[in-house]
Amino acid sequence: MTNNITGAKALIESLKKENVEVIFGYPGGAMLPIYDELFDADIRHILVRHEQAAAHAADGYARATGKTGVCFATSGPGGTNLVTGIATAYMDSVPIVAVTGQVPRSLLGVDAFQEADITGITMPITKHNYLIKKAEDIPRVVKEAFYIASTGRPGPVLIDIPKDVTTDLLDFNYPKEVNLRSYKPIVAVNIEQLKQAASLITASEKPVIYAGGGIIISHAAEELLRFAELIKAPVTATLMGKGAFPDAHPLSVGMPGMHGTKYANYAIQESDLIIAVGARFDDRVTGKLESFAPSAKIIHIDIDPAEIKKNVRVDVPVVGDAKTVLTKLTSLIKQHQPKTSEWLKRVNKWKKDFPLHYKKNDMIKPQYVVECIYELYPDAVIVTEVGQNQMWAEQYFTYAKPRTFISSGGLGTMGYGFPAAIGAKIGRPDATVIDIAGDGSFQMNSQEIATAVQSEIPVVVAILNNGYLGMVHQWQELFFEERYSSTVIEESVDFVKLAEAYNAVGLRAVKPEEVKPILKEAVESGKPTIIDFIIDKTENVFPMVPAGAAINEIIDPE
Amino acid sequence: MRHTIAALVENRPGVLTKVSGLFSRRRFNIESLAVGVTERPDISRITIVVAGDSTVLEQVLKQLNKLIDIIHVTELSSKNSVSRELALIKVAVDSGTRSEVMQIVDVFRAKIIDVTTDSLIVEVTGDRSKVAAMEQLLSRFGIKELVRTGDIALHRGSVTAEAIIAQQSDL
Ligand SMILES: Cc1ncc(C[n+]2csc(CCOP(=O)(O)OP(=O)(O)O)c2C)c(N)n1
Ligand SMILES: [Mg+2]
């Protein structure tokens, strides 16, 4: 116990107790006492150039490492600038703790200068949030915040601290454990449900494992591999589940849903048993709900009971942590002789007949850029923006491990990738971190080049520059009679000059043969590098299931 | 279908907003919501009546359970619980109708709690159907104002919040 320290100091001491090694943030009036404490604390602070980026960087750090990311922002606009980043983390179940300054207690509720009701604003996009009213609550609240953010189904937690609370004195005593009677994230797996699941699995002739981000969160990739090999079922991993199962594995069928592979979607539609693990039947996966997996029974394994039966009918619900459940299931059926060889033959035939494909010409194809990145840096951590670039990054890189594909899935936040890449690189300094970007998305947070340069964070941004808000342009081409309303942005910015203006490295490639050398140059520069790949702008993302269609109604032109 | 849900929550600022925000955000229909502190000052009880089928009810219960400040949520069925609502009804009266209104109030074992020359305020307590019947009977005299508390409900018998929370803490 330390007597008589300020609230600000107590906050920093509490963060140290949680082993926080880095904070992404931006100061302001309400945060002055806290930043003053941070000045000589041995926690690294990365000064971003926009608070949205602080939240995304904390999120990227969390996804790349499995630890909880931390971001700071001041009251009012600082907090509201965090909102998109918090919502992004919420939708993808990412553990972050956001600390915001607030006006002094005496000014709360009077529309004081830079007052915003940030706990009210973030209520629907946080797992929990706090407005601290007394300095002595700081240690307990920080302890609870980290516990809530990182356990059960993880998510963002926000702590709002009035300025005068940070200058009040308290006796500091960090709690050893949390005592929350209303939050018990550890659930015992129901053995009856497990047995029912086991009997459906052993009876199934056409099973499909549908693996989501929960596998990665629960560190269950090995258990998934063992389970899949035991029951010999094809595995389709969602965007959030990328890396949960090796793409190159013979049982892998790639991603399901709107831009999934034909063979994953066909397999789901013909399957007699869907085994969903840590996935939530998002509408981008199921397509038209009424026609989703019409002949399949569904086993839904998830740590969040509220996900079960939210979107689809479920025959056997299993509430629990993916790793625990898969381990138990595997041992329950370890003598099992799968009857799936006919099924696998059929799935493999689809795989052979309907591969992902694109045609080369003398322009740079976006798919080719992604393939080159894989060829040169197969162990890279790939971060993406949103749009066509994101889908190509998913389709043409062969992911092998968890936490190597980092992307805003649920919210689909343009501008996420670059700051998230900065966070990922800080968490994994030895990894090559590449943000596969679109020219539109990158412009949503390009100011962060300054952060990367100032803090010497050598991430590579590979812009697949088509001059379009490509994904929206694609929908206009296909469904709005080629009326390209506000989706053409070509030649609006010179990305090389932009990089150079910030003292980063800027490179440009226009011919296919330049792609590999330029990628090497970028990675080997050891500096933040922006590469402008001028790509064939006519390229679109296929296969594609139109919105509202069943997932086997797939458009995939030659 | 109508379902009555009882939630024991931490008695903290903002909890009610979290609950009502959840309902509007997820498009659950609240028919009524009543909140008040329990025999323990640190715990409030919220009684919510929602409309929807059993899938909706299941989602409501699960989503409420996810809120960190909620200690316990359960459905109260008409069999295992009792529920009551209180309404205040201001009816227009004149010398010709006053006694008729007072008779109705008597039959319903309701109370008159305010009297002026041209109106009465009637206090009625009962289950939903009793309050509705009262409202219907008084409507022909002209209801000037009406306010109702929404249902509040308790488990019958010896089940208590105390016991539920003690059990929860053992987990
Ligand atoms: C913040 C935000 N605004 C708007 C959208 C809608 N949107 C989705 S993809 C897209 C176009 C993205 O363009 P670009 O980054 O150039 O990627 P491309 O599709 O061309 O690869 C837009 C506008 C979004 N996802 N996020
Ligand atoms: Mg583009």
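1. A polar contact is a pair of N or O atoms within 3.5 Å, where, within protein, one must be able to donate a hydrogen and the other to accept it. With that in hand, chain A and chain B share 7 residue pairs in polar contact, both partners at pLDDT 80 or more. Please keep in mind that this is a predicted model.

2. On to the interface as a whole. Chain A brings 18 residues to the contact and chain B brings 23. Between them the two chains bury about 1,800 Å², with 51% of that on carbon and sulfur atoms. On the chain A side, the residues that lose the most area to chain B are M123(A), R181(A) and S182(A), which together make up 39% of what that side buries.

3. The rule finds 4 salt bridges across the interface of chain A and chain B. One to inspect is the salt bridge between the side chains of K66(B) and D304(A), at 2.6 Å from N to O.

4. Within chain A, helix α2 (residues 32-39) has P33(A), I34(A), Y35(A), E37(A) and L38(A) as its buried residues. Those buried residues pack against several elements of chain A, among them the strands β1 (2-6), β2 (22-25), β3 (44-47) and β4 (69-73), and also against helices α1 (7-17) and α7 (163-167).

5. Finally, a spot on the surface: L478(A), F479(A) and F480(A) form a nonpolar patch there, with about 270 Å² of accessible area together. F480(A) sits in the loop between α20 (470-479) and α21 (495-501) of chain A. Its relative accessibility is 52%, so F480(A) counts as exposed, the cut-off being over 50%.

How values were computed
Residues numbered from 1 in each chain as written. Chains lettered and ligands numbered in written order. Predicted model: local features only at pLDDT ≥ 70, side-chain atom pairs only at ≥ 80, totals over all residues. Heavy atoms only, no water. Patch = residues over 30% accessible without salt bridge, like charges linked within 9 Å, V, L, I, M, F, W, Y side chains within 5 Å. Areas by Shrake-Rupley, 256 points an atom, 1.4 Å probe, with all protein chains shown as cover. Helix = DSSP H or I, 4+ residues; strand = E, 2+ residues; numbered from the N terminus. Buried < 20%, exposed > 50% of the residue type's maximum accessible area, 1.4 Å probe, protein only. Contact = heavy atoms within 4.5 Å. Buried area = accessible area lost by both parts, 1.4 Å probe. Polar contact = N/O pair within 3.5 Å; in protein donor to acceptor, adjacent residues only side chain to side chain.
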